Amino acid sequence: MKRPDWFLVALWTILVIAAALWVAPFVFILLTSLKTEAEIYATTVFALPAHPAWSNYAQAWGRGNFAATFLNSVIITCIKVPLGLLLSAMAAYALAQMRIPGRNTVFLAILFGTMIPFQVLLAPLFSLVNSLGLINTYVGVILPYIAFGVPYQVFVLRGFFRHVPKEMTEAALLDGANHLTIFWRIFLPLSLPALAALVILDFVATWNEFAMALVILQDSGRWTLPLGLMSFQGQFASAYGQLNAAIVMTVLPAAIVYLIFQRYFIGGLTAGAVKE
Amino acid sequence: MATVALRDLRKSYANHEAIKGVTLDVEDREFVVFVGPSGCGKSTLLRMIAGLEEISAGDLLIDGKRVNDVGPAQRELAMVFQSYALYPHMTVADNMGFALKLAGVKTEERNAKVAEAARILQLEPYLQRKPGQLSGGQRQRVAIGRSIVRNPKVFLFDEPLSNLDAALRGQMRIELARLHEQLNATMIYVTHDQVEAMTMADKIVVLQAGVVEQIGSPLELYHHPRNVFVAGFMGSPRMNLLPATVTGADTNGVAISGPGGISVIVPVEPGSLRAGTKVTFGIRPEHLTVDPNGTLNGRAMIAERLGGLTLLHVELQDGTLLVVQTDGADATRLHEPVRLSISAPHAHVFGPDGLSAEHLRRNPLTV
């Protein structure tokens, strides 16, 4: 019989424990969201609910005004993510493939944006958005989101685009393509794995963003899900079942997007590691 | 089809000049090969013609029109790259039809042209595959097909066979030569491999350090190299080049005395060569023969037996090494005395400036 590889056994054990620790809070939230108040106090946290209390979801949805906050989150995320990614991709293409004087300086300036913690910029950001008259508007929050997303995305995509052989661009130029065509017909299809990875990261980050939304969206009618959740928590802190149902509803869309794109995500992280 | 003319073409970078004034005429339907060692500027020159590198000075004319400031696509050239540069996410058919699609050619016409190119290149079974599913040779054929469908004025090839293995390279060489016949196209081809240059070219341009060393037909370069560099670069195995001294010069030629007892009268124009001038004596391995009555004494140190022919590395009495090409059936034993004779009419004399002394009689194939 083959001797077990103790290193692998140890590695797997650690992985399983880590995964269990990681997933425990989710399980806890999910189970609690399906229990009645009485059941929550009567059973241990990981006990299964006797009869799933779906009503928690319906009640939380109504009491927390989730219909409005959910819609706000959807609008903001669905505009911000594609628009920001498109801008970043175009900038990354120009920085990676076009001969522009001073392009490295421009890139460094963009990269510099990632080095400033955005909390530092919250106050100036507020006065800027305020002076533009965009407080309490979707645009007022989408523009800063894009601005803060661009540096990181440009960094990743520029690295990806630089590894596309120069001859491919040149062949396309000789084929009669202009830069827009090359970007659209060749670079975007080639970088789908990287784009998918960025879609996930950006979607989750935008969906869950709290601080900037809190500062800029002051009217509760414009609140996004995390703000709605905070408000709900303030009002119904003791209604554990409904609170956890609210948390699940907030987190679920991001989790679904992650599950849809995760195979591209993993592909994206390893793309280019092995020559095709 | 088209002519290409280069007029004192130059390319300068911040701190050096890569192309130092190249003047060249490529005739209609001619197959011209740029050849030279790595870094000689041959690829840069090709890329300047393609429009991928800016021209620093001089004029580039295609069909008599100056195109220095015309974009790559508008020059109506097609280029085949060493790395193939196929679009990996497109099928073979889409790769070949991409230029036509961008030009707004209708689907039917496009498909017909792609099918025609695929037929010429025997790519029909692979039209719906992606480049990743093809072998190196097939990919290179797709890259060639991509240029054929555009019906360009001039085909440009940048070391297209370098990534292929030796057998495939030989096969593709024949295919390219056939394609040139079939398409009746003007072609400019860059390679560092002088065998490719010799076998395919109508005209060879030998480049070194951004300067044209010689332009001529393959046999002209072989029989009448203009200088030591071309003599050493063209021909395989390489020409033997030895330091020598002129002992006499008259209308019959130049008498040479070289190392290892070499003494020969080479039938070349003496020009400025006088007794005592230091020169370089050149003799190709195939113009040395093992001959019991030969004047040179030495020993064969190494024999490279290639089957059809044998290359003997002979050490003369003073230690000078000569490469001699003999028959495949040559029975010369190693480390035993051997005598060599020199075919004087085929020998070369290069003056102190490196330039070749003109032969009194040119090779009949190069006249």
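H7(A) crosses H10(A) in a right-handed manner, a crossing being right-handed if the near helix is turned clockwise from the far one by less than a right angle and left-handed if anticlockwise. The model is predicted: local features need pLDDT of at least 70, side-chain atom pairs count only at pLDDT 80 or more, and totals for chains, interfaces and linings use all residues. Residues are numbered from 1 along each chain as its sequence is written, while chains are lettered from A and ligands numbered from 1 in the order in which they are written. Helices (H or I, at least four residues) and strands (E, at least two) are DSSP runs, numbered from the N terminus.

The axes of H7(A) and helix H10 (residues 192-208) of chain A come within 11 Å and cross at roughly 160°. Here axes are lines fitted to C-alpha atoms, for helices over the stretch in contact, and angles run from 0 to 180 degrees between N-to-C directions. H7(A) is therefore roughly antiparallel to H10(A); angles under 35 degrees count as roughly parallel, over 145 as roughly antiparallel, 65 to 115 as roughly perpendicular and the rest as oblique. From H7(A), the contact takes Tyr145(A), Gly149(A), Gln153(A), Val156(A), Leu157(A) and Phe160(A), and from H10(A) it takes Ala194(A), Leu198(A), Asp202(A) and Thr206(A). Two residues are in contact if their C-beta atoms, placed from the backbone, lie within 7 Å. The contact of H7(A) with H10(A) has six nonpolar, three polar and one charged residues. In this classification Ala, Val, Leu, Ile, Met, Phe, Trp, Tyr, Cys and Pro count as nonpolar, Asp, Glu, Lys and Arg as charged, and the others, Gly among them, as polar.

Helix H7 (residues 138-162) of chain A also packs against helix H5 (residues 103-112) of chain A, at an angle of about 130° and with the axes 8 Å apart. H5(A) and H7(A) are therefore oblique to each other, and their crossing is left-handed. On the H5(A) side, Phe107(A), Ile110(A) and Leu111(A) meet Val150(A), Pro151(A), Val154(A), Phe155(A) and Arg158(A) of H7(A). Seven nonpolar residues, no polar residues and one charged residue make up this contact of H5(A) with H7(A).

Chain A as a whole contains 13 helices and zero strands. Its C-alpha atoms fill a box of roughly 75 × 75 × 30 Å along the principal axes. The UniProt record lists "domain: ABC transmembrane type-1" (unreviewed entry) at residues 70-261 of chain A; UniProt positions are given in the numbering used here, feature names are shortened, and annotations may be inferred rather than shown by experiment. Residues 70-261 of chain A are 80% helix and 0% strand, with the end C-alpha atoms 21 Å apart.

Domain bounds, which come from an automatic or database domain assignment, divide chain A into domain 1 (1-53) and domain 2 (65-270). The C-alpha centres of these two domains of chain A are 32 Å apart. Nine residues of domain 1 of chain A contact six residues of domain 2 of chain A. On the domain 1 side, helix H1 (6-33) and helix H2 (37-42) of chain A each give two or more residues, and H1(A) has the largest share, with four residues. That side of domain 1 of chain A has four nonpolar, three polar and two charged residues.

In chain B, the assignment gives domain 1 (4-231) and domain 2 (238-366), whose C-alpha centres lie 37 Å apart. Their contact takes ten residues from domain 1 of chain B and 14 residues from domain 2 of chain B. Helix H7 (218-223) and helix H8 (228-233) of chain B each supply at least two residues of the domain 1 side, and H7(B) gives the most, with three residues. By class, the domain 1 side in chain B has four nonpolar, four polar and two charged residues. According to UniProt, "domain: ABC transporter" (unreviewed entry) lies at residues 4-234 of chain B. This span of chain B is 36% helix and 26% strand, and its end C-alpha atoms lie 25 Å apart.

Between the chains, 15 residues of chain A are in contact with 18 residues of chain B. Helix H8 (166-174) and helix H9 (179-190) of chain A each supply at least two residues of the chain A side, with H8(A) giving the most, six residues. The side of chain A that touches chain B divides into nine nonpolar, two polar and four charged residues.
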